[in-house]
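Please open the structure in a viewer and keep the sequence at hand. The stops below are to be selected one after another.

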Amino acid sequence: MDIYSILSHPFRRKILLILEKEGYIPYTDLMERLNLETTGQLNFHLKKLGSLINKDKKSYFITEDGKKILQILNINKRILSGENVDEYLGAKGSTISRVGVIICNCNTEISNIINVNALENYINKLRNVVSVKIFENLCQQKNFSKITNWVKENFINKIVIAACSPKTHQHLFERIFEKVIEHANIEIANIREQCAWVHHSNGREFDPLLILEKAKLLIEAAIERVIMQKKVKAKRVEIEKSCAIIGGGIGGMTLALNLAKAGIKVYLIEKSPTLGGKVARWDRISNIGDCSICFISELIAELVNEKNIKILTNTEIENVSGEVGNFTIDLIKKPRFVDEKKCTGCKQCIEVCSIEKPNQYEFELTNRKIIYIPFIHSYPFAPIIDEEDIKNCINCRICERACINKAIDLDQKLEKIRIKVGTKVIAIGSDLYSDLEEYHYNPKNDIITSPEFERMLSSDGFTNGDILKISSKVPPESVSIIQCVGPIYNRLEYNDILALKYLESIKQHIPNCEVNVFYDLNKLKENHNSLSTHMDKKFHYVNDLKIIERNNKNIIVANSKEYPSDLIVLNVMMVPNKDLKILRKTMDFTLDDNGFMSEETIASGIYGVGTIFGPLDYNSTISTANNVALKIIALLSKDSLISEFSGIEINEELCGICGLCSKSCPYNAITIESDKLSIDMFKCKGCGTCVSVCPTNAIEMNIDTTEKINRTIEILSKFKKRPKIIAFCCRSCGYAAADDAGLKKISYNPNIFIVQVPCTGRIDTSFIINSFEHGFDGVMIIGCRRNSCRYIDGIEKIQRKIELLKDVLNPKYKKRIIIENMNAVEGIKFAEMVKTFYNQLSEEIKFEA
Amino acid sequence: MKPKILISSLTGCSGCISTLLSLDIFPQFLERTKIIYFPFIMDVEEIEECDIALIEGCVSEDSQVNLLKKIRKQTKKVYSIGTCAGFGGILSLSKKRIAEPVSKYIEIDGVIPGCPPPSKLLGNCLIKLIENREIDVDIPKKNLCATCPLRGEAEENFQTKITQINPNPEEIIPVEEDTECFLKRGILCLGPITRDGCEHVCIKEGLPCEGCMGPVSKSFFSNTINFISLIHLSKKIRNYDGIFYRFSKPTFKR
């Protein structure tokens, strides 16, 4: 009887609705609910309902079929009541799996070896399979609409493609079905590289039926897997084709220019009143010889002419919301008290101002007025009164009168700006180490830092470019440079470059000056190794370094030798910008152990440029900026972004917070915070190691679920011919090595089945035991090389598990688990290994019998 | 009508029965049920139809298998009490005798774990059974760490070097407020892979968990290996028999 005649009677619909509400209901209660006196009528209808209901221990309940029918009924009701239920009708949102299977002939490459028609017949009978289609060459199809129409006509919401390896065409296939099927619902059965191409040899053919059976099972397992795939949380984000760059230093500016030229709207946000960053105050850029302010001013001029760039100086970030592709950033533009547009830069206001304070742009070595221009060539070239200084202003308003253009506005208020951007870039640079007490830092006593020395060298600096003793304003006879002042982050080349630059500059200015450069080995202890590789003869590497003062003269005592120093330059190290920690809260990125921005972050729409990653010289900064520009252009060139998180999920109801997962995580992505596990989605790479060790199954992967892998093992174990071998291969190396064997067409026995796991660390001991229980004779585990594991140490983790397992297992099984490291091109080794293992197992099985 | 109860003992120490007899609700239990088969305290040979069967001890003889099958036939619901009946129990340590859980031979409706089951747990379960409610011990739960009294504030990583299976005798003292996690102290504790529900009887007395409540969700065997692979057991305590077979018998016994 068809569904419609079953449902035609209101009485039967009523029964279904009662059962839906109650779950289990005994016969007598049902009669009562329906207000029936006699059993006859009820019996009749119950019988008519057929497979929609069932009986268990005298209670009735709805079967799975019944539930589906009820869903339809409910939707009907809603349509009749005028509700828009399109989302329920779309095949994409349905919870019922309708699997479409595509078999690709691969231009007879596959069909020559596997009987495709027999395969089709078998698959057609499998559960949830709606339609099977054979293609001559799926990857060469010109008319994709034909394929997507097939999907739509059959209401297919999940697809299995039996073709070549996912390594070859997965992305192409995903693109074909992009509009109709989610990526997670596309499963590929690798019947070319791991079946058709490896099971035929020139002389000795394997039994074609066995190869067919293997292909059948591979596809069946893929179908089962795709049926089990739950909805992966995915979100479609319309991409805002703009970018916010925080920090207007050299990195930020170079990036802004690159992006603007590619047609991307750029907001260049700078906290200080001018662009230029630190480099603008330096003398010249090493290796290039160009003076940095000339270079920067040229760059700024180019920026200003670019229509796509909006420069926001004196601006800070208040709040960030949204996600990759569509961020909303709230900004606060602090008052400048001078209208940039009206100002001509005549500096009359500065002339007349009577209040002075130390100039922070000259490291407080000189004074400036409270209305000031940070430095020549600063942009925008308009005076400013810092917000903190306005309270020191005596409100004489003489500057107002001095300004011809009436640009001064002492009542200016802060301005709130909201921008929408697709990506954000952090380029705020780093700070300089400033805790210099142990070096007796005191500029007035001729012990200065490297940035101060840069200002001294710079022709617009406080000495107009002359190297002078600050105390007596005479040229020094000897200069000592102490390298690596501050914490050391292993990048010593940067210091070398600086020191060489200073050596050259001093020699130019004062040819007779004696210059000594010191490295204090005591401080470098931990980095001694990296140091020894690039020791430079020009420098002194000393074990013991002290600065003493004698007769008003500074003397450096190093290795008990005295070096009189008229001027001591402390080459200070770059330390993490103090703003990083504050920005981190609003900007969503992670810090590394040293407190710099972690490079792990790059990949999620939040990028970093320049020295926020640690000390970098000019060239490297420019090259990272260019690199990031490419990434941003690539990201913003799309119209929309579908974000899927293919990592892990935590079921808090099962989680006992034992911390095994956080222990096993190679990226420290899992932390315990206030009696709750939290996953750092930026750090999580989806290796699944945590899932394999979770004792309560509280952590599960979104795609490579335990359930799916166990079901795959179950299906593959249906293969009849012994010895049966199962191989767990990691996605990046093991699986690729197996593919490589296929690409090289090296033949091996069809008795081996390859199961892909994200990382060998994902392999739970229960997979191995499960395989043996299901009748597999051998288990192979193939992962990356030991020191090049894609997920740091997944291979070592599985190795430890196997060692323990072998200790406990029946000795018979000890030889039946093998673990091997391979890289992606070792197909020959893979095939050899399979053959040897196959022969070993066949011998053992013969012996057993 | 009072539910008819059958209580049967297989191979084991009868500790579970003793716990049952000493329950504070046992008199109430006797009042509200009709015990029809309980060889421990009464002489009945024949197994009659009954509502609830409670089975204690592991299966180690063929005759026991027959008995179990008979019980299953006559009973509406069968529950195994204690670790022996549930997972195989301490006899799994023996290399010769078989020690199989009841569930290997007959279908059971639930396991009340523990060696012996904690009296509160057992009492609650019995009351639920009498009242014809489902016992929920079988539903996968959190592990022992979830409610552990030794749980510190936001505990990060535990010690990875495990040098002892048991604490030194003089260190076995009831838990105080500042007692540290066993794993932090380098003592093997199977808490992370053991089901919650025992109220930490051993831990409160200063002994680490040995896993008598049975596995959390995956098999005990694979859980143990996954767990131990994360820590470094010192060579001298690599006595896997004690760790693996104390309370359950894995399928792949050596």
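The model is a predicted one. Select N314(A) and inspect its backbone: phi is near 55°, a positive value in a residue other than glycine. Most residues other than glycine have a negative phi. Is N314(A) buried or exposed? N314(A) counts as buried because 22 other C-beta atoms lie within 10 Å, and the cut-off for a buried residue is 20 or more.

Next, select T108(A), located in the loop that runs between β4 (99-104) and α7 (116-124) of chain A. T108(A) is not a glycine, yet its phi is positive, at about 70°. How many other C-beta atoms lie within 10 Å of T108(A)? There are 11, and since 12 or fewer make a residue exposed, T108(A) is therefore exposed.

**Two cis peptide bonds**

Most peptide bonds are trans. For a cis bond in chain A, select R722(A) and P723(A): the peptide bond joining them is cis, with omega about -10°. P723(A) belongs to the loop between α24 (706-716) and β36 (725-730) of chain A. Then move to chain B and select C115(B) and P116(B), which are likewise joined by a cis peptide bond, with omega about -10°. The loop that holds P116(B) lies between β5 (110-112) and α5 (119-130) of chain B.

**A pair of helices**

Return to chain A and display helix α12 (residues 250-261) together with helix α13 (residues 292-305); their axes come within 10 Å and cross at roughly 40°. The crossing of α12(A) and α13(A) is left-handed. Which residues meet here? From α12(A), select M253(A), A256(A) and L257(A); from α13(A), select L299(A), E302(A) and L303(A). By class, the residues of this contact between α12(A) and α13(A) are five nonpolar, no polar and one charged.

**An open sheet**

Now colour the strands β21, β28, β22, β23 and β24 of chain A, listed in the order in which they form an open sheet of five strands with parallel pairing. Which strands stand at the edges? They are β21 (447-449) and β24 (540-542) of chain A; each has a single partner strand, so one side of each is left without a neighbour in the sheet. On average, neighbouring strands of this sheet are turned by 25° against each other, direction ignored.

Within the sheet, focus on β22 (residues 478-485) and β23 (residues 514-520) of chain A, which run parallel and are joined by five bridges. Select V479(A) to find one pairing: its bridge partner in β23(A) is V515(A).

**Where the chains meet**

Finally, show both chains and turn to the contact, which takes 32 residues from chain B and 35 residues from chain A. On the side of chain B that touches chain A, α7 (220-228) and α8 (240-244) of chain B each supply at least two residues. Which element gives the most to this side? Select α7(B), which gives seven residues. The side of chain B that touches chain A comprises 16 nonpolar, nine polar and seven charged residues.

Notes: Residues numbered from 1 in each chain as written. Chains lettered and ligands numbered in written order. Predicted model: local features only at pLDDT ≥ 70, side-chain atom pairs only at ≥ 80, totals over all residues. Axes fitted to C-alpha atoms, helices over the stretch in contact; angles between N-to-C directions. Helix = DSSP H or I, 4+ residues; strand = E, 2+ residues; numbered from the N terminus. Left-handed = near helix turned anticlockwise from the far one by under 90°. Contact = placed C-beta atoms within 7 Å. Nonpolar A, V, L, I, M, F, W, Y, C, P; charged D, E, K, R; others polar. Pairing = 2+ DSSP bridges.
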